[in-house]
Amino acid sequence: LDCRGMPLRNTPQGLRSITHRLDCRGMPVRHRCSSQSTHILTGRDFAGLASEAIKTGSVLDLAQSRVELHEPFKLGSDEVLRITGGTIVGDGHSIFQVQTSRKGLLELRECELRHLPCVERSTQSSLGAALFARGKARVALHGCSISSQAGFGIWLVQKAWVELHGCTLARSGRSSIVAFENA
């Protein structure tokens with residue numbers, strides 16, 4: 001049970017906060033249960049939590065959490081994923097791959113994205129990015145820190161769109177932001 005007495009579904013033991021409520025305007029309301037320790041989530045745990053947040057239209061609160069991804073998390077079609085807090089580390093081609101319609105959205109608030117190099121990718125000259133968006137993808141970042149040790153911080157192609165507010169783009173191996181075609 002979470003701190004409201006609600007049963008937890010598809011969540012790893014110890015992570016206890018995902019929003020399931022909307023305010024009077026229909027906007028997701030974040031609910032956070034305080035915890036002193038940092039929870040480490042695997043890619044599988046994160047995928048389950050993110051899928052639940054997409055399905056319910058809630059905000060995934062990762063405060064006090066560290067997510068470790070070895071494969072990109074892919075967001076497509078009309079999916080909307082909102083995440084607040086936490087550190088997301090990945091050594092795959094990218095941490096997030098976003099290919100949504102204009103109805104879809106990846107929104108991150110107060111998150112840290114750290115993209116790490118991988119020996120296999122560096123021998124193939126495929127350095128990747130912390131965030132890769134293509135098609136008509138929409139991404140909104142608020143107060144985030146984004147870095148890629150060997151690749152790009154943010155990589156946009158086709159008609160992808162990104163909005164940055166108070167973000168830090170540092171320590172990127174190639175470039176902090178690259179945009180190709182009509183991005």
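Visitor: Against which strands do the buried residues of helix 1 pack?

Guide: Helices (H or I, at least four residues) and strands (E, at least two) are DSSP runs numbered from the N terminus, contact means heavy atoms within 4.5 Å, and buried means under 20% relative accessible area, exposed over 50% and partly exposed in between, with a 1.4 Å probe and protein chains only. In this predicted model, local features need pLDDT of at least 70 and side-chain atom pairs count only at pLDDT 80 or more, while totals for chains, interfaces and linings use all residues. Residues are numbered from 1 along each chain as its sequence is written, and side-chain values use heavy atoms, with hydrogens and water left out. Here the buried residues of helix 1 pack against strand 3 (39-42), strand 4 (59-61), strand 5 (65-69), strand 6 (73-77), strand 7 (80-84) and strand 9 (94-100).

Visitor: Which residues of helix 1 are buried, and which exposed residues does the face turned away from them carry?

Guide: An α-helix has 3.6 residues a turn, so residues three or four places apart point the same way. In helix 1 the buried residues are Phe46, Leu49, Ala50, Glu52 and Ala53. They cover an arc of only 160° around the axis, taken from the directions from the helix axis to the C-beta atoms, which puts them on the same side of helix 1. The face turned away from this buried side carries exposed Arg44 and Lys55, and just after the helix Gly57 takes a positive phi of about 75°.

Visitor: Which residues have the most contacts inside the largest nonpolar core?

Guide: A nonpolar core is a set of buried Ala, Val, Leu, Ile, Met, Phe, Trp, Tyr and Cys residues joined through side-chain atoms within 4.5 Å. The largest one has 32 residues, and Phe46, Ile83 and Phe96 have the most contacts inside it. Helix 1 gives the most to this core, with four residues. Not counting residues up to four places away in sequence, Ile83 touches, among others, Phe46, Leu60, Ile88 and Phe96.

Visitor: In what order do the six strands of the open sheet lie?

Guide: Two strands pair if DSSP finds at least two bridges between them. The order is 3-5-8-11-14-17, with parallel pairing, and the edge strands, strand 3 and strand 17 (168-169), each pair on one side only. Four bridges join strand 5 to strand 8 (residues 87-90), where Val89 is the bridge partner of Glu68.
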